[in-house]
There are 2 protein chains.
Amino acid sequence: MELDARKLKILQAIIDEYVMSASPVGSRSVSKNPEFNLSSATIRNEMADLEEMGFLEQPHTSAGRIPSDKAYRLYVDTIMNRAQISRDEIRKIRTHFSSKISEVDEILKQTAVAISSVTNYTAMVLAPELDCDTLRHIQLVPLVPGKALLVIVTGTGFAKDAVIHVPVGVRTEELEQISRFLTKRLYGRRMDMVAEMIASELEPEMADRREFLSNIADGIERKITPNRKSVELAGAGNMLHYPEYADLQKARNFLSAVEGRDALYNMLKRASSLEFTVTIGSENEQDELKDCSVVTATYRMGDQSMPMGTLGVIGPTRMNYGKVISVLEYMRRSLGEILSNYIEED
Amino acid sequence: MELDARKLKILQAIIDEYVMSASPVGSRSVSKNPEFNLSSATIRNEMADLEEMGFLEQPHTSAGRIPSDKAYRLYVDTIMNRAQISRDEIRKIRTHFSSKISEVDEILKQTAVAISSVTNYTAMVLAPELDCDTLRHIQLVPLVPGKALLVIVTGTGFAKDAVIHVPVGVRTEELEQISRFLTKRLYGRRMDMVAEMIASELEPEMADRREFLSNIADGIERKITPNRKSVELAGAGNMLHYPEYADLQKARNFLSAVEGRDALYNMLKRASSLEFTVTIGSENEQDELKDCSVVTATYRMGDQSMPMGTLGVIGPTRMNYGKVISVLEYMRRSLGEILSNYIEED
DNA sequence: ATTAGCACTCGACTAGTTGGAGTGCTAACA
DNA sequence: TGTTAGCACTCCAACTAGTCGAGTGCTAAT
């Protein structure tokens, strides 16, 4: 059997309607669509074919039909036309960044909130990954006897700090000197190489400060390793608006899958090598997300080539893919600009 | 009518049972309690009295009775016996802090997760408020031309950083010198006085660097002002386990009230002047929380006298108050210790 | 190839029925 | 006077038909 142009149009009409209504689509309602001049019986035959081909499913004999995951796949890959993001939506997004924001974390948080409020789905944002960034500055700040604060500034301007142990014998004044030394020697290196370099090159050179250097290397290592904590989440409650989650059990499963950020972190991390990904229903690894779709997009700083982090939206498989993709497209650019302005301009 | 000892015991029995079962308690099931040797008819009379006094309510004529907010108030104020926290629960809490945690934020996050997982309610943690803390160290780190990173370390060892603008004419080497100057002059001052002092004392003294100093003061001001972002939340989805939230509409309202952290921030902030607070049902300001109870406790660092922040639990009014209070009691101490170890020991 | 028509299916909704848990009240009892 | 057995009453929850309508597949005519 072949998927001719008419079948495709019918499939698209069914998907569009199902995305709106969330209830199975019958042949009659499709035949009413002025785009087709066909009776319901004809549509019925075509729908039977589409079902046979695996694009449609029947919840039970006398209901309409709903699109299968395979149909959504086809839809996003070939038929879908990307929705244009509206002025109103842009305005709505802007409001989330109007008040003066003083931290990168807060920017990411607001990004998630903005995405979820415009799409009405659940949004997530993976914080910038620092391992591909370079080192710009290291500063040791005395804290209490035996402790210091290690401040690392990266090439793209992110600052991280960690409390580290200062071995007895290291004088407070020495901290400044070591800071200068490390900055000078490590400037411009990739962050994921820095800890290694300290161990292999600098420790032999400053054998009497070996322990301290190794603490510093540990601190850096800890800081550039991303973790589940660096996933911002917003609008998880939005899912309760959709009839898919009228079942409490499902809603609960979804919320608990999403609250422990680990799963999200893994998904976003895996998606970070591609500009855009769309994962539909059963394509998801996580069981709890088998009836969700996940759309992700990477963002980068200004016009750099390396992606820094990932944005994502989780919604029911019956989501408005066109809209979600265009919102993510808009946000990935905005976020890139916002982040570079944050660092570079005033 | 008087609330004699027997009435009190009956009320307690009703509350205990209702907390367990979530369904209205009938006279018969109370009379079965071996503690009373009374027929259901007698209990019935007593229950009628208790209803008249406003401690019980009847959802409808032929149902049992449920405790009113007033009853819970009485319960927590006088009858309740604090549950002992079990070995298992302590072990469960410990697991959340076993892996090496490298940031204060992460500690707070894990605290919220631990509380919610032990109580099965929703937990929140308000980050330490820095305005009552003192200043220990200020460091300016060069970032890009025109920008610097301002790092502030407080007396209790918290570090905060902010990106600030460096006016043209301020040389990079000068940053170190200004850092020393500011640290020397402001050491030991209360954080909420620092910005003011810069404006009133230091700016006149260094008139040629007035603009820069004022940027620094702004940065400090921004950082010590707490906001909704500093509330960690965990286990919001737990609420869906309770029949109170079987109604989707209610669940949705709850989740959206709690997702925008503002309401929580206000509650915790207001509660921060008291060691413990218990707010029952209609006593809550927020409409969405009128059928929840909120229990809060302040935590402090080590054995200091000033409270730093607040922990809280939100659950249905029918919550296990005894358990929640004892968990919070345990956590406030633990958190205090964890935070001081984080800063002081290794 | 398309369509009108028809018999059939099946969930959603409605109304009626029943059973049980609970109540209040009264009268008897210790 | 406090307690209790007994009874009539209430009302929800659960079950049972019964009906309606939206939808289907199939067939025969166009």
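Biologist: How many bridges join strand β5 of chain A to β6(A), and in which sense do they run?

Modeller: Strands here are DSSP runs of E with at least two residues, helices are runs of H or I with at least four, and both are numbered from the N terminus. Two strands pair if DSSP finds at least two bridges between them. In this predicted model, strand β5 (residues 147-154) of chain A is joined to β6(A) by seven bridges, and the two run antiparallel. Within that pairing, Val153(A) has Ala159(A) in β6(A) as its bridge partner.

Biologist: Before we continue, what conventions apply?

Modeller: Residues are numbered from 1 along each chain as its sequence is written, and chains are lettered from A and ligands numbered from 1 in the order in which they are written. As the model is predicted, local features need pLDDT of at least 70 and side-chain atom pairs count only at pLDDT 80 or more, while totals for chains, interfaces and linings use all residues; side-chain values use heavy atoms, with hydrogens and water left out.

Biologist: In what order do the three strands of the open sheet in chain A lie?

Modeller: The order is β4-β5-β6 (chain A), with antiparallel pairing. β4 (135-142) and β6 (159-165) of chain A each have a single partner strand and therefore stand at the edges, with one side of each left without a neighbour in the sheet. On average, neighbouring strands of this sheet are turned by 20° against each other, direction ignored.

Biologist: Which helix lies across β4, β5 and β6 of chain A?

Modeller: For such angles, axes are lines fitted to C-alpha atoms, for helices over the stretch in contact, and angles run from 0 to 180 degrees between N-to-C directions. Contact means heavy atoms within 4.5 Å. Helix α9 (residues 210-224) of chain A lies across these strands, running at about 140° to β6(A).

Biologist: What is the strand order of the open sheet in chain B?

Modeller: In chain B three strands form an open sheet in the order β4-β5-β6, with antiparallel pairing. The edge strands are β4 (135-144) and β6 (159-165) of chain B, since each has a single partner strand. The twist averages 20° from one strand to the next. β4(B) and strand β5 (residues 147-154) of chain B pair over eight bridges, and Gln139(B) has Val151(B) as its bridge partner in β5(B).

Biologist: How many salt bridges are found over all chains?

Modeller: A salt bridge is a side-chain nitrogen of Lys or Arg within 4 Å of a carboxyl oxygen of Asp or Glu. The whole structure holds 52 of them over all chains. One of them joins Glu329(B) and Arg333(B), at 2.9 Å from N to O. Both residues lie in helix α12 (residues 321-344) of chain B, four residues apart, about one turn of the helix.

Biologist: Is Glu329(B) buried or exposed?

Modeller: Buried means under 20% relative accessible area, exposed over 50%, and partly exposed in between (1.4 Å probe, protein chains only). Glu329(B) is buried at 16%, whereas Arg333(B) is exposed at 53%. In chain A, salt bridges that share partners join Arg82(A), Glu275(A), Arg300(A), Glu329(A), Arg332(A) and Arg333(A) into one network.

Biologist: How many disulfides does the structure hold?

Modeller: A disulfide is a covalent bond between the sulfur atoms of two cysteines. The cut-off is a pair of cysteine sulfur atoms within 2.5 Å. The structure holds zero disulfides over all chains. As for the cysteines, Cys132(A) is partly exposed at 33% relative accessible area, whereas Cys292(B) is buried at 0%.
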